[in-house]
Every structure is written in structure tokens, then in C-alpha cells.
Amino acid sequence: MKSIEELKKIKEKVKEMTWLRQGDKKATKIVVGMGTCGIAAGARQVMTAIMDELKKRNKTDVIVTQTGCIGFCKYEPLIDVITPDGEKITYVNLTPEMAREIVIKHIINGQAITEWTVKNF
Amino acid sequence: MRELSLHIMDLTENSIRAGSTLIEIEIAESRSKDLMTIKIKDNGCGMDKEFLKDVISPFKTTRTTRKVGLGLSLFQTACQRCEGSFRIRSKPGIGTEVEGSFKWSHIDRAPLGDIASTLALLISGNPGIEFVYRHTTDEGTYILDSRELKQILEDVAVNNPLVVDWIKKNVKEGLKDINGGV
Ligand SMILES: Nc1ncnc2c1ncn2[C@@H]1O[C@H](COP(=O)(O)OP(=O)(O)OP(=O)(O)O)[C@@H](O)[C@H]1O
Ligand SMILES: [Mg+2]
């Protein structure tokens with residue numbers, strides 16, 4: 001299948017670029033809340049937007065994972081951005097557009113968008 | 001939920017929380033039988049008979065974060081609204097199987113929706129869990145097995161954005177092939 005060949009090419013390309021492997025401590029992590037409430041509120045679209053923006057910007061040192069409901073349903077969709085120094089910032093009530101902006105401003109330019117965050121979760 | 005793929009994502013979330021390492025998602029669509037079936041099978045912790053009896057009730061949940069669990073009852077309601085059926089089977093220590101069906105042409109049946117993104121995100125967002133997706137129509141079957149991908153990828157992570165993108169495209173193309181090329 002042609003498609004499998006493409007996947008092999010991607011593998012080679014990624015290896016050459018020595019992209020980060022899973023679990024690398026130096027990576028920034030984005031964790032997306034994916035409970036029923038989050039999914040109903042649009043968490044999948046938010047996660048898709050994040051992955052797409054990272055790909056577009058060639059941002060490779062970021063690991064995106066998901067977690068179940070953490071009980072803050074009225075804040076969904078929400079994400080945690082955890083930087084290598086261990087700092088965690090939680091963004092709430094997101095739309096895909098906001099998620100893209102977070103990737104650009106916070107992940108790439110290092111400037112958190114404080115109006116959309118909740119402190120001390 | 002507006003898309004069946006969102007129900008799938010949500011039910012899979014239950015499987016993930018149950019500690020599953022293998023989650024099989026099966027969709028069978030038959031226009032000739034006017035039937036659509038969705039099955040999610042996992043090898044997680046399972047539930048005992050007692051718990052299973054009223055697991056559909058929103059007030060049955062092992063959540064500690066809130067008092068109601070909505071996922072299963074939402075799915076059951078969606079099936080019943082579309083003249084379909086719902087079944088859940090489970091064995092402690094073995095796993096759980098949730099199956100729901102819909103009358104394909106029912107006016108209230110939600111579209112499958114963006115299953116490509118759903119699968120891409122499930123696989124990339126849970127690198128420690130294997131997913132098998134099997135989708136059958138009157139025209140053929142499409143299968144995606146995360147174990148095969150990982151074998152090809154070797155030590156390249158499945159949550160690499162390029163890989164995620166590949167998964168999405170592969171699903172879209174695969175489903176096109178079994179849906180008359182549209
Ligand atoms: N695949 C599964 N394996 C083991 N236990 C399950 C599984 N699916 C559901 N359960 C049990 O049934 C309960 C009810 O599930 P349901 O999806 O209806 O609600 P929930 O997951 O608790 O909350 P919500 O779906 O609203 O986030 C769960 O809390 C869990 O204890
Ligand atoms: Mg649930």
C-alpha cells in the first residue's frame with residue numbers, strides 16, 4: 001500500500017531530525033481533558049487544532065496527550081500546558097481558535113495568555 | 001452528542017480509565033440491512049454482575065470527581081431513539097464489550113462524523129494503549145491497527161504531529177474506498 005510507504009518516509013524524516021521521543025523530560029507537555037463533558041464541549045476539535053498548529057509550525061518538542069475528566073466540567077474544554085521546568089498552566093473554556101493562539105503565543109513565543117488561564121487548579 | 005465518533009471517543013475513555021491495554025472499535029454499516037452497529041471491546045478491569053445491572057443509570061459511576069456518569073446512558077439513549085438496541089457485557093478481570101445499533105436511515109441518527117481525527121487523537125494521545133479499528137460496509141472492510149503502525153515506526157513516537165497527520169489521512173482514504181469512493 002502506498003500509504004505505508006509514506007509512513008516509512010515519515011519515520012526516516014523524523015529520525016533524521018532527531019525529534020523528541022516519548023517521555024523526554026525536556027519536552028513541553030500539553031494535556032487535553034477528554035471526559036464526556038469535555039468531548040461534548042468540543043475537546044476533540046481543540047486537540048485537533050493543537051496538533052495541526054504544531055505540525056504547521058514545525059514544532060516538534062511538544063508532547064500532546066489526553067486525560068479523562070478531572071471534574072471541572074464547566075471549564076471544558078480545558079488543557080494543561082506543562083513546561084520543562086514543571087510549571088503548569090491551565091487554560092479553560094477553549095475553542096479551536098484559542099487553542100491555535102495558545103500554541104503560537106505560549107508554546108512558541110513563551111508568552112502565556114493569562115486571561116484564559118485558571119490559577120492553582 | 002452531535003457525532004457518533006464523539007460517542008466512540010467517550011466510550012473509549014471508559015476503557016482507558018479501566019486500565020485497558022487493547023481497545024477494539026468495530027463499526028458495521030449495511031445500507032441493505034439499514035443497520036449501523038458500533039462495538040467497543042476492551043481488556044480492562046471489567047465490572048461485576050451487581051455493578052453491571054444498573055450501570056446505565058446516570059447515578060452509577062465510580063467517578064470521584066462528580067456524582068453522575070453520563071457516557072453510557074447518552075449512548076443508550078441515542079441507540080434507542082434510532083430504533084436500535086444497546087448491550088453491555090463485562091467480566092471482572094477480562095474486559096468489557098459495549099455494543100449499540102442504529103437504524104441507518106433513521107432521521108435522528110447522528111452522522112459518524114470525524115472518525116479520522118478521533119482515531120488519530122486516541123492513538124497519539126494514549127501511546128501505551130493499542131487500538132484496532134475495523135469498519136465494514138457493503139463494499140468492504142478498512143482496518144487500522146496501532147500495533148502495525150508502531151512496528152513500522154520503531155522508536156519514532158506515535159504522537160509525532162507528522163504521524164498523527166498520516167493516521168488521519170489514512171483513515172479518510174480507507175473509508176473513502178469502502179464508501180464508493182466518496
Ligand atoms: N469499559 C469499562 N470498563 C470498566 N468499567 C466501566 C467501563 N465503562 C463504564 N464503566 C463503569 O461504569 C461507570 C459509568 O460509566 P459512564 O460512562 O456512564 O459514566 P462515567 O464514565 O462514570 O462518567 P462520564 O461518562 O460522564 O464521564 C463508570 O464510572 C465505570 O465505573
Ligand atoms: Mg464515561
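Biologist: How many salt bridges does the rule find across the interface of chain B and chain A?

Modeller: Side chains of opposite charge can pair when their charged atoms come close. The rule asks for a side-chain nitrogen of Lys or Arg within 4 Å of a carboxyl oxygen of Asp or Glu. Across the interface of chain B and chain A it finds five salt bridges. This is a predicted model, in which local features need pLDDT of at least 70 and side-chain atom pairs count only at pLDDT 80 or more, while totals for chains, interfaces and linings use all residues. Residues are numbered from 1 along each chain as its sequence is written, chains are lettered from A and ligands numbered from 1 in the order in which they are written, and side-chain values use heavy atoms, with hydrogens and water left out.

Biologist: Which residue forms a salt bridge with Lys15(A)?

Modeller: Glu154(B) does, with the closest N and O atoms 2.8 Å apart. Another pair is Arg44(A) with Glu3(B), at 2.7 Å from N to O. That pair crosses between chains, from helix α3 (residues 43–56) of chain A to the segment before α1 of chain B; helices here are DSSP runs of H or I with at least four residues, and strands are runs of E with at least two, numbered from the N terminus. Both Arg44(A) and Glu3(B) are buried, where buried means under 20% relative accessible area, exposed over 50%, and partly exposed in between (1.4 Å probe, protein chains only).

Biologist: How many residues of each chain are in contact, and what area is buried between chain B and chain A?

Modeller: Contact means heavy atoms within 4.5 Å. By that criterion, 42 residues of chain B are in contact with 38 residues of chain A. Buried area is the accessible area (1.4 Å probe) that two parts lose on being put together, summed over both. Between chain B and chain A the value is about 3500 Å², with carbon and sulfur atoms giving 61%. On the side of chain B, Ile152(B), Leu162(B) and Trp166(B) lose the most area to chain A, together 18% of what that side buries.

Biologist: Where do the partners of a salt bridge within one chain lie, as with Glu53(A) and Arg100(A)?

Modeller: Glu53(A) and Arg100(A) have their closest N and O atoms 2.7 Å apart. Their pair links distant parts of the chain, 47 residues apart: Glu53(A) is in helix α3 of chain A and Arg100(A) in helix α4 (residues 96–108) of chain A. Glu53(A) is buried at 2% relative accessible area, whereas Arg100(A) is partly exposed at 27%.
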